[in-house]
Amino acid sequence: MRIEDTDPARHAGIEYPMEVGAPVFAPIKVVEEKDKAVNVARQNAKLEYERIMEQAEVLMKQAKALQARLDATEMVHIAKFSFNPIHGKIYYLYYDTRNSTNVLIQNGPKEWSCGIPDGWTYSMAVKKLGDSTWAVVEENALVV
């Protein structure tokens, strides 16, 4: 039996060559190609997701640092002090248990000749920044 097909548009959709001079080709396995494409897309999406998550971690660290500055600023503003703080200078925050208030002074916990006054407990070292917020100074940064 001989198959003759005279419709050239149909030749493009047939899985085997229809003419003597037609190039040899193997049918494309569509399911395998789709799986490859999906795997490549997943790999690219995973890389992009990891990059975005790294950026989110940086933003979260910045947000936590800003919140810590705002908390320190609030503590300093409710504290009692009788001087004009200078930007960039380190001050020390103590809690006065007798009056139940915070006190901001210039003496650090190791700078008292007779020791910290009775009823005072050292809270933290703070520094006034250029934007008028206060940042907590790490204890190891105080050692010179």
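Student: Where is D131 found?
Tutor: D131 lies in the loop between β3 and β4. Helices (H or I, at least four residues) and strands (E, at least two) are DSSP runs, numbered from the N terminus.

Student: What kind of model is this, and how are residues numbered?
Tutor: This is a predicted model, where local features need pLDDT of at least 70, side-chain atom pairs count only at pLDDT 80 or more, and totals for chains, interfaces and linings use all residues. Residues are numbered from 1 along each chain as its sequence is written, and side-chain values use heavy atoms, with hydrogens and water left out.

Student: Back to D131. Why does it count as partly exposed?
Tutor: Because its relative accessibility is 46%. Buried means under 20% relative accessible area, exposed over 50%, and partly exposed in between (1.4 Å probe, protein chains only).

Student: How far apart are D131 and H87?
Tutor: In sequence they are 44 residues apart, and in space 8.9 Å, C-alpha to C-alpha.

Student: Is T101 buried or exposed?
Tutor: T101 is buried, with a relative accessible area of 18%. T101 sits in strand β2. Leaving aside neighbours within four places in sequence, T101 is in contact with K80, Y94, Y95 and D96. Contact means heavy atoms within 4.5 Å.

Student: Zooming out, how many helices and strands does the chain have?
Tutor: The chain has 3 helices and 4 strands. Along the sequence they follow the pattern α-α-β-β-β-β-α.

Student: And what order do the strands take in the sheet?
Tutor: The order is β2-β1-β3-β4, in an open sheet with antiparallel pairing. Two strands pair if DSSP finds at least two bridges between them.

Student: Which strands stand at the edges?
Tutor: β2 and β4 do, each with a single partner strand, so one side of each has no neighbour in the sheet. The twist averages 40° from one strand to the next. Axes here are lines fitted to C-alpha atoms, for helices over the stretch in contact, and angles run from 0 to 180 degrees between N-to-C directions.

Student: How many bridges join β1 and β3?
Tutor: They pair over 7 bridges, in the antiparallel sense. As for Y92, its bridge partner in β3 is A125.

Student: What does α2 touch on the sheet?
Tutor: α2 packs on the sheet and touches β1, β2, β3 and β4, and its direction makes about 105° with that of β4.

Student: How many residues does α2 have?
Tutor: Helix α2 has 49 residues, 30–78, and reaches 70 Å from its first C-alpha to its last. That is close to the 72 Å expected at 1.5 Å a residue, where the expected span is 1.5 Å times one less than the number of residues.

Student: Which residues of α2 are buried?
Tutor: A72, T73 and V76. Their cover includes β2 (101–105), β3 (120–128) and β4 (134–137).

Student: Which residues make up the largest nonpolar core?
Tutor: There are 9: A72, V76, A79, Y91, L93, L104, M124, V126 and W134. α2, β1 (90–96) and β3 each give two or more residues to this core. A nonpolar core is a set of buried Ala, Val, Leu, Ile, Met, Phe, Trp, Tyr and Cys residues joined through side-chain atoms within 4.5 Å.

Student: Which residues does the second core include?
Tutor: I105, W120, A125 and V137 are among its 7 residues, and this core is separate.

Student: Last one: what share of the chain is buried?
Tutor: Buried residues make up 19% of the 144 residues.
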